[in-house]
Amino acid sequence: MITRRTALLTGTAALLTPLAARATDPGYHLKPAEIADGVWLIEGAQDSFAPANGGAICNIVMLRTDQGAVVIDSGGTALHGAALRDFADQRLGGVAATLNTHHHPDHWFGNQAFADRPILALPATRGLQAQNAQALSEGLYRILGGWMRGTVPLPAATAVTGGNMVIGGRELRLLALSGHSQADLALLDPTTGTLIAGDLLFLDRAPSFPDADLDAWRGALDRLAAIPASGIVPGHGPFMRDSRAFAQTRAYLDAFQDRLGRAADLGLAPAETLAAGPMPEFAGLGANPEEYHRAVVQRWRDFEDMALPLIGGTA
Amino acid sequence: MMSAFLCDRLANGAAALAQYGGGIAPVTAPDSDPFDSGMWELHRLEYLGDPPDWRADPRMRVLTPRNAEDASHVPIMVDATGLTDPVTRIVITIDYSPLPLALIFHPGRALPLLGFGVKYEIAGPIRATALADGVPARMGGAFIDAMGGGCSAPAVAHTRPDWQQGFGEMRGRLFPDSGRLRVNIRHPMDTGLADGIPAHHLTDLQLLDAQGAPIARIELRHPVEENPTLTFALPPDLALGPVRIEARDSNGYRFSGEVRA
């Protein structure tokens, strides 16, 4: 049984401090865990952007190399990025390079803290970062307030493509995919067999769909599932040694498509489909029902277009 | 209290709708504004013909998202089928929009139920008020926050396709089982507020029966979403179709289409 995770990794400490102090002096309290040899996971809160979590909602992975950490995703704010950078400097001998898995802001708004070292992303991700930085930033300032202090989104400076790559003596396999967004980078650490899936995988947290292409997403899951992995880090949710994240993400995509397809085919309006709530079996996931409500608004037209045939035009 | 919403056609949808609040405004007293907004008095005067008697009515259901996740497409659904007294017009107003009047729906022989989408810039209430001669104006509504806690990408700015591409294209379908009729028209619905883009929006849309007699009519205004989709509910005899849809816009273009069961 899946239940909503209530203990927020980074928000708990903040909730214990007086409100005024919290508003003016937000702090990120990271809880890094070494999940495989030289593979560190800083797990995000399984929730939406909110003042309670400071935007620290996605998983961050750091791989130890001879030349410092390979940082996979940089956090949701400049302050979050700075806290992550402190950990890399103190425990992993600095930073070798940073990779952004995709252009959603929780994964790269911490880039400023890593700007003295190469920051890499897929070409399409870099374009989307530049194109959407302003709008995403305005939205996050409104939601997160003081946590966003000093955040000036910095798109990745260097393009990468899929294939093998050696950073600081550590070999990495990069997979250029899409489906959750227009460009999704997943990584395999062959040394430990750890698969870092970015937001192509969610576990115990409802997947988000602002830029989703469900068919492409399923194709990406097929490709990832074919890779033998000893452990899997989803973009949001806990690290697991089994394939639960694959089964759950795939089931969620199928159930969402089925629910919206059915709604459009029965003549429901989007407001009704939204108010009808998430698929019952996924109602308890982190970030639901809110994530489902957003997804209906974001994806409704895809389903409506299929359900309504052409019947006329300009007279 | 029953509603004409079809949420119950989806698994767990009826329970979720109830949990969501059912689209019922938090009415405290019939003659007090549940949203306590200064615009209500002004808008009653300006857009509702200053009705001598009005009340906040929980039978006027207005279903909306809590947040304007996509500020250019906020889905709204109004259900006045719970009212027992007559409804000749339903007026939709947005309290803090620069153009508060969104549309006027004349249900005629259709049920007093309408789905549509609006643009939303500033947090505040949207209201649906049912009007008819000799009875009080009955108002329901919902508060919509302008920005959600969403933002997995709240405003990833989508580039806008050239509006002339497919302009006027009409899509639609009649769902005889539920009596629903849904129609979509490809139209920019320009407000005239954006720099250098003159106002250009649909002004009227009409449903006609097989004999060409009117069923229902909508007067559309600027706040209605781009490429609007409208959802109607028809009584069983009209739901057999065919139904003709005719519309026109502020530049004199005319649009038409027909749906059959």
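This is a predicted model: local features need pLDDT of at least 70, side-chain atom pairs count only at pLDDT 80 or more; totals for chains, interfaces and linings use all residues.
Let me start with A:Glu272, which forms a salt bridge with B:Arg180, the closest N and O atoms being 2.7 Å apart, where a salt bridge is a side-chain nitrogen of Lys or Arg within 4 Å of a carboxyl oxygen of Asp or Glu. Because A:Glu272 lies in helix α7 of chain A and B:Arg180 in strand β10 of chain B, residues 180-185, this pair joins two chains; helices here are DSSP runs of H or I with at least four residues, strands are runs of E with at least two, and both are numbered from the N terminus. A:Glu272 counts as buried, at 0% relative accessibility, and B:Arg180 is buried too, with a relative accessible area of 1%. Buried means under 20% relative accessible area, exposed over 50%, and partly exposed in between, using a 1.4 Å probe and protein chains only.

Residues are numbered from 1 along each chain as its sequence is written, chains are lettered from A and ligands numbered from 1 in the order in which they are written, and side-chain values use heavy atoms, with hydrogens and water left out.

Now the interface as a whole. Chain A and chain B bury about 4,300 Å² between them, 61% of it on carbon and sulfur atoms, buried area being the accessible area (1.4 Å probe) that two parts lose on being put together, summed over both. In terms of contact, meaning heavy atoms within 4.5 Å, 51 residues of chain A meet 59 residues of chain B.

The rule finds 4 salt bridges across this interface, and one that I can name besides the opening pair is between B:Arg182 and A:Glu304, at 2.9 Å from N to O. On the chain A side, α4 (123-144), α6, α7 (270-275), α8 (290-307) and β13 (310-314) each supply at least two residues that touch chain B, and α8(A) gives the most, with 10 residues.

A:Arg205 sits in the loop between β11 (194-196) and α5 (214-225) and A:Glu291 in α8, so the pair ties together parts that are 86 residues apart in sequence. Both A:Arg205 and A:Glu291 are buried.

Turning to α6 of chain A, residues 244-266, the geometry can be checked: at 1.5 Å a residue its 23 residues should span 33 Å, and the end C-alpha atoms are 32 Å apart, which agrees. That expected span is 1.5 Å times one less than the number of residues. Among the buried residues of α6(A) are A:Phe246, A:Tyr252, A:Phe256 and A:Leu260, and the helix is followed by A:Gly267, whose phi is positive, near 90 degrees.

Finally, chain B has a pair of its own, B:Asp204 with B:Arg248, whose closest N and O atoms are 3.4 Å apart. B:Asp204 counts as buried at 19% relative accessibility, whereas B:Arg248, at 39%, counts as partly exposed.
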